[in-house]
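Hi everyone, thanks for making time.

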Amino acid sequence: MIDLYYWPTPNGWKLTIALEEMALPYRLVPVNIGAGEQFKPDFLAISPNNRMPALVDHAPLGGGAPVSVFESGAMMIYLADKSGLFLPKTGAERYAALQWLMWQMGGLGPMMGQNGHFRLYAPEKIDYAIKRYADEVDRLFGVLNAQLGRTGAHVAGADYSIADMAIFPWVRTYKAQQVDLDRFGHVKRWYDSVKARPAVQRALDVGKDLRASSLTDEARRNLFGQNAQTVQATQNPDATK
Ligand SMILES: N[C@@H](CCC(=O)N[C@@H](CS)C(=O)NCC(=O)O)C(=O)O
């Protein structure tokens, strides 16, 4: 059985999508990031970056001790390797999927995260920051649209892969992020086809009642303004340096 440490956010949905698509049995362990549960010692022991998602597989392939993995991209590779699905084992198709997974992890996710932060959550509206991230998100949607125009089907080629599963939940936030999807016809077609998949529908429903509709003051305090001192205080409170 796999324990999925989860909260219903784009990075969390990647993993419910992968688990539902792969039909791997899992147990949900909610991590209420607004209430600060990402700083609890038990969670930090498996996810020292104090971010969810993370997983613990109590029955890893080949047996042995439970395996824990944090970082959603690494988790998706782990699950693809375990199930033998949605990531070819070798060859050009494997690296096509991995490069688009890394594109999501290093580009689309962080840039949309910052775009969302400066548009929706920042206490002051800083025009330069909003434009900087809005332009980058626009550029990345342009890159994705061009790629889907070339493949005609899925992000990494003809086959649906973990790259599609990683990119979809961030594209799903397009309205709040003020992205006009009609400008990106290939993305729109691909988005509608991924959204219609039964496993994706089930995945998006997982824990959907957990999340509050707006950010409370407590959640703002827990989520924003973290720095190295936060890490020191939560992970190594007795150290002098
Ligand atoms: N690169 C990480 C990012 C994970 C991440 O940013 N998770 C957010 C929610 S989407 C989180 O746990 N936030 C808690 C916090 O900011 O303290 C991944 O892909 O797993």
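So, leaving aside neighbours within four places in sequence, which residues is I33 in contact with? Before I answer, two bits of housekeeping. This is a predicted model, so local features need pLDDT of at least 70 and side-chain atom pairs count only at pLDDT 80 or more, while totals for chains, interfaces and linings use all residues. Residues are numbered from 1 along each chain as its sequence is written.

Okay, back to I33. Its contacts are W7, Q38, M52, N222 and L223, where contact means C-beta atoms, placed from the backbone, within 7 Å. I33 sits in the loop between β2 (26-30) and α2 (41-44); helices (H or I, at least four residues) and strands (E, at least two) are DSSP runs, numbered from the N terminus. Buried or exposed? I33 is partly exposed, because 19 other C-beta atoms lie within 10 Å, and the scheme calls a residue buried at 20 or more, exposed at 12 or fewer, and partly exposed in between, with C-beta atoms placed from the backbone.

I33 also belongs to the ligand story. There are 13 residues around the ligand, and the closest are T9, N11, I33, R51 and S72; to count, a residue's C-beta, placed from the backbone, must lie within 6 Å of the ligand. That shell has six nonpolar, five polar and two charged residues. Nonpolar here is Ala, Val, Leu, Ile, Met, Phe, Trp, Tyr, Cys and Pro, charged is Asp, Glu, Lys and Arg, and the others, Gly among them, are polar.

One of I33's contacts, M52, takes us to the backbone. M52 and P53 are joined by a cis peptide bond, omega about 5°, and P53 is in the loop between α2 and β3 (54-57). Most residues other than glycine have a negative phi, and most peptide bonds are trans. A23, not a glycine, has a positive phi of about 55°. Q178 is in the loop between α6 (162-171) and α7 (185-195), and counts as partly exposed because 13 other C-beta atoms are within 10 Å.

Last stop, M76. Leaving out residues up to four places away in sequence, M76 touches K14, A18, L101, I162, M165 and A166.

That's my tour; happy to take questions.

Key. Contact = placed C-beta atoms within 7 Å.
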